[in-house]
Amino acid sequence: MSSAFISAIAARRSIYPLSKKAILSDAKLTTVIQEAVKHAPSSFNMMSSRVVILFGAEHDAYWNDIVPGELKKVVPDEETFAKGVERTKMFGAAAGTVLFFEDGKVIKGMQENVALYADRFPQWSEHGSGMAQIYAWTALELEGYGANLQHYGNLTGPAVTKKYGLPDTYSLKAELVFGHPEGSAKEKPFLPDAERVKTFGSS
Ligand SMILES: Cc1cc2nc3c(=O)[nH]c(=O)nc-3n(C[C@H](O)[C@H](O)[C@H](O)COP(=O)(O)O)c2cc1C
């Protein structure tokens with residue numbers, strides 16, 4: 001029963017050469033992401049994950065203007081900056097980006113309502129975001145996209161929330177860049193299963 005699921009998660013890889021060649025309509029892709037986010041579990045079902053999908057010119061502006069603009073402020077020398085921009089150009093060549101936020105307002109509410117676990121909710125929020133990310137990433141892969149996960153949100157979060165009028169309680173956790181796959185994933189080493197999963201007892 002689980003083989004289709006295992007095949008899907010094994011096929012999900014980090015793909016960097018991506019293009020804008022069409023696969024799904026924006027509306028269909030949005031539905032896929034909505035479903036992935038909807039069914040991702042969260043601590044106490046707090047549903048603190050929020051998602052913004054950037055298509056077309058908005059995707060291009062994120063990778064060609066916003067990220068380089070923020071990088072420029074923190075990267076000390078021209079050579080490192082130029083390398084950073086090479087990378088952002090690669091992401092800009094893709095079709096779109098899913099931005100994953102966590103809403104601090106929801107987390108604060110949980111901390112007040114379930115005081116016993118107040119110090120745990122920030123960490124559980126991060127876990128919940130990861131779960132939404134992996135569902136979305138795998139769903140996109142099943143639809144024929146390639147995708148890779150980026151983390152420029154600490155630099156770009158404030159500019160993005162301002163640009164799109166998002167609540168200032170939104171914290172940008174990750175960017176899932178997607179597009180038509182134009183290359184394959186790198187070979188990936190695996191640790192022995194027995195090193196990562198141990199069993200005790202028997203049924
Ligand atoms: C929590 C997390 C953070 C990651 N951050 C980045 C990142 O910032 N940039 C990047 O190119 N890949 C990032 N990756 C992708 C990993 O490098 C990649 O998943 C790993 O090497 C395994 O390769 P695979 O995705 O092809 O299975 C991240 C993955 C995870 C799970």
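Here are a few worked exercises on a predicted model.

Before starting, note that residues are numbered from 1 along each chain as its sequence is written. Because this is a prediction, local features need pLDDT of at least 70 and side-chain atom pairs count only at pLDDT 80 or more, while totals for chains, interfaces and linings use all residues, and side-chain values use heavy atoms, with hydrogens and water left out.

**Exercise 1. Work out the setting of H59: which helix holds H59, and is H59 buried or exposed?**

Step 1: start with the secondary structure. H59 sits in helix α3, residues 56–74. Helices here are DSSP runs of H or I with at least four residues, strands are E runs of at least two, and both are numbered from the N terminus.

Step 2: check the accessibility. H59 is buried because its relative accessibility is 0%. The cut-offs are under 20% relative accessible area for buried, over 50% for exposed, and partly exposed in between, using a 1.4 Å probe and protein chains only.

Step 3: look around the residue. Setting aside neighbours within four places in sequence, H59 touches K20, L54, F91, G92, A94, A95, G96, T97 and V177; contact means heavy atoms within 4.5 Å.

Step 4: pick out the polar partner. The side chains of H59 and T97 make a polar contact of 2.7 Å. That term covers a pair of N or O atoms within 3.5 Å; within protein, one must be able to donate a hydrogen and the other to accept it, and residues adjacent in sequence count only if both atoms are side-chain atoms.

**Exercise 2. Describe the largest pocket: which residues line it, and which helix gives the most?**

Step 1: get the volume. The largest pocket holds about 190 Å³ of space. On a 1 Å grid over the protein atoms alone, a pocket is an open set of points where a 1.4 Å probe fits, with protein on both sides within 12 Å along at least five of seven lines; lining residues have an atom within 4 Å of a point. Grid points are joined across faces, edges and corners, and the volume is the space filled by probe spheres set on the points.

Step 2: list the lining. It consists of F5, A8, I9, E35, A36, H39, I134, Y135, T138, A139 and L142.

Step 3: assign the helices. At least two lining residues come from each of α1 (3–11), α2 and α6 (121–142), and α6 gives the most, with 5.

Step 4: sort by class. The lining has 8 nonpolar, 2 polar and 1 charged residues. Here Ala, Val, Leu, Ile, Met, Phe, Trp, Tyr, Cys and Pro count as nonpolar, Asp, Glu, Lys and Arg as charged, and the others, Gly among them, as polar.

**Exercise 3. Compare sequence and space for I15 and G144: how far apart are the C-alpha atoms in the pairs I15–S184 and G144–L24?**

Step 1: take I15, in the loop between α1 and β1 (18–19). I15 counts as buried because its relative accessible area is 11%.

Step 2: follow I15 to S184. They are 169 residues apart along the chain, with C-alpha atoms separated by 6.2 Å. Beyond its sequence neighbours within four places, I15 contacts several residues, including G146, P181 and S184.

Step 3: turn to G144, in the loop between α6 and β4 (146–150). G144 is partly exposed because its relative accessible area is 36%.

Step 4: finish with L24. G144 and L24 are 120 residues apart in sequence and 9.0 Å apart, C-alpha to C-alpha.
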